[in-house]
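Student: I would like a close look at a single part of this protein, the sheet. Please describe how it is put together and what lies around it.

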Amino acid sequence: MWADSQGAIMPCLVIVGVGFAYHVFELLEKRGYIEDAYLIEADERVFQMAMMVNDLSSLIQNPAVHFLVGYPLSVIETILSKSLIQPFSVHIFSPIVSLYPDIYNPVRQSLENHLCALRMSEGDGVENLLKQMSAA
């Protein structure tokens, strides 16, 4: 249900809040082809439990999937600002994000700022943004 509510899913995407990853599999399946997927999980213990509950090997072995688990905001910002040089979609998984608002809210704000800067730097601003969204 969450994956169906996500709207435009770009080939390059970020999922904030991995949790047990059920929604991650659904969203990536819905998208089909991905160039890069950045999966952010604040709590290493939650990620360890996810590995016990789900077989994450297909994600871990996929070179297009990048896990950012337990990293501080400064590290996440550095990695994403260097890696995300094209427009991307951001997908917030609220059930897990609401558990760690002090970590995830700054991450979300940073992603939104970076995405806005990317889209505005492409030239036509809003017109270009609308074209990208309709093409996704």
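Tutor: Of the 136 residues of the protein, 43% count as buried. The model is a predicted one, and what follows should be read with that in mind. The secondary structure comes to seven helices and four strands, and from the N terminus on the elements run β-α-β-α-α-β-α-β-α-α-α.

The four strands form an open sheet in the order S3-S2-S1-S4, with parallel pairing. Strand S3 (65–69) and strand S4 (89–92) stand at the edges. Each of these two has a single partner strand, so one side of each is left without a neighbour in the sheet. On average, neighbouring strands of this sheet are turned by 15° against each other, direction ignored.

As background, strands of a sheet pair through backbone hydrogen bonds, either parallel or antiparallel. S1 and S4 run parallel and are joined by four bridges. Leucine 13 has serine 89 in S4 as its bridge partner.

Buried here means under 20% relative accessible area.

Phenylalanine 20 has its place in the loop between strand S1 (12–16) and helix H1 (22–31). With a relative accessible area of 32%, phenylalanine 20 is partly exposed. A patch residue needs over 30% relative accessible area, and Phe20 is one of the residues in a nonpolar surface patch of about 500 Å². Helix H2 (residues 44–53) gives the most to the patch, with three residues.

Among contacts between residues at least 6 apart in sequence, 73% join residues at least 24 apart. The accessible surface of the protein comes to about 7300 Å², of which 57% belongs to carbon and sulfur atoms.

Technical notes:
Residues numbered from 1 in each chain as written. Predicted model: local features only at pLDDT ≥ 70, side-chain atom pairs only at ≥ 80, totals over all residues. Heavy atoms only, no water. Patch = residues over 30% accessible without salt bridge, like charges linked within 9 Å, V, L, I, M, F, W, Y side chains within 5 Å. Areas by Shrake-Rupley, 256 points an atom, 1.4 Å probe, with all protein chains shown as cover. Salt bridge = Lys/Arg side-chain N within 4 Å of Asp/Glu carboxyl O. Buried < 20%, exposed > 50% of the residue type's maximum accessible area, 1.4 Å probe, protein only. Pairing = 2+ DSSP bridges. Axes fitted to C-alpha atoms, helices over the stretch in contact; angles between N-to-C directions. Contact = heavy atoms within 4.5 Å.
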